[in-house]
Amino acid sequence: MRIAHISDIHWGLGYPGPTPHARFDDICRVMDWTADRIIAEGVQLVLVAGDMFRKADVSLDKASREIRAAASWLRKLTAAGIEAVIISGTPSHDPASAYELLEDYQMPHVTIIAEPAQIDIDCFDEGFSLALLPGVDRSNIVTREEYRDLPPHQVHQIMTSKITDVCRGLLAECNYTPSILIAHMTYAQADTGFEDLLQQNEAILTTEAIQGFDLVTLGHIHRPQQNGKVFYSGSPERLSFNDEKTDAGFWLHELVDGKFDSTYVQTPARRFITLQLNETGIQDFVNGNLDFEDVFGDIENAIVRIRYSCSEDLNKVLNRRALEKALYDAGVYF
């Protein structure tokens, strides 16, 4: 049995780029490549661990394009006989209405889960069980009367305890081995990186919560990683400079002799590059002596930002528009 694990696709319009739809086109291009690779690898099941969309509060014209893109990707997979199981992610990204509309497409071989659930699957050579834990809407919990006056850290502890109880209950319902947990949240031992500041006081998936599962496939953190049997796939397309030094891709998990053998597949995601210029570099540019390729190497088709430091006098003679034009002339995408 071969499984593809992907998450945090974030289909959406309006990302910074040369046009409002340019980065949306990047995501569609990478996802099309991903579907082709998944099919070529002989995958039987695709697990999407949340955050298929960028924003919950979008206009109908934007949302319809995003949902159609997601449906088109899923149809490409299911046309090849691949099963797809999807959980919703962070409520601020993943509107419930988007998943309801996806369900209205009535695509065969596609299962969409927006509440904790357990599924036994026996359509392959070997049966196995899935425990599904979508993203938690923290605002719905903290506004309840019994939690309203509690400090954030106490609410965090209560939510984490409840998540652990839910996972134990889902595992108890699993009738097959292997059992796989698909969730959209922060694992206690995960390398969170930049997201660490954004995830304080949210519910945590503890080591106790995952005990007994044979494989844990997660979404939410945009940093692909493995921690024993726990995996984050990250995003298949880099979405901001937070992802600059991060691989983009998805996991392939293959069940061999009762154990999972996992391989990370990198996608042809667009690069983000930060260029650093000091006083000498700025002076060279002003004098017409700066060759970007010689100094920084290949920056073609990348999204680029420049951080520079120089004297105030030199800054006054620096033509930023000319600097931007020089970058485009060097082949920069945006």
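Guide: Let's start with R2 and E41, whose side chains meet in a salt bridge, N to O at 3.0 Å. Keep in mind that this is a predicted model, where local features need pLDDT of at least 70, side-chain atom pairs count only at pLDDT 80 or more, and totals for chains, interfaces and linings use all residues. Residues are numbered from 1 along each chain as its sequence is written, and side-chain values use heavy atoms, leaving out hydrogens and water.

Visitor: Why is the contact of R2 and E41 called a salt bridge?

Guide: The term asks for a side-chain nitrogen of Lys or Arg within 4 Å of a carboxyl oxygen of Asp or Glu. R2 and E41 have N and O at 3.0 Å, so the pair qualifies. Side chains of opposite charge can pair when their charged atoms come close.

Visitor: What makes R2 and E41 partly exposed?

Guide: Buried means under 20% relative accessible area, exposed means over 50%, and partly exposed is in between (1.4 Å probe, protein chains only). R2 has 21% and E41 has 22%, so both land in the middle class.

Visitor: And how many salt bridges are there?

Guide: The structure holds 13. Another one pairs R270 with D26, N to O at 2.6 Å. That pair links distant parts of the chain, 244 residues apart: R270 sits in the loop between β14 and β15, while D26 is in helix α1. Helices (H or I, at least four residues) and strands (E, at least two) are DSSP runs, numbered from the N terminus.

Visitor: Are R270 and D26 buried or exposed?

Guide: Both are buried.

Visitor: What makes D291, E293, D294 and E300 a negative patch?

Guide: Asp and Glu count as negative, Lys and Arg as positive, and His and the chain ends are not counted. Patch members need over 30% relative accessible area and no salt bridge, with like charges joined within 9 Å. D294, one of the four, is in helix α8 and has 66% relative accessibility, so D294 clears the area cut-off and counts as exposed.

Notes
Patch = residues over 30% accessible without salt bridge, like charges linked within 9 Å, V, L, I, M, F, W, Y side chains within 5 Å. Areas by Shrake-Rupley, 256 points an atom, 1.4 Å probe, with all protein chains shown as cover. Charge placed at Lys NZ, Arg CZ, Asp CG, Glu CD.
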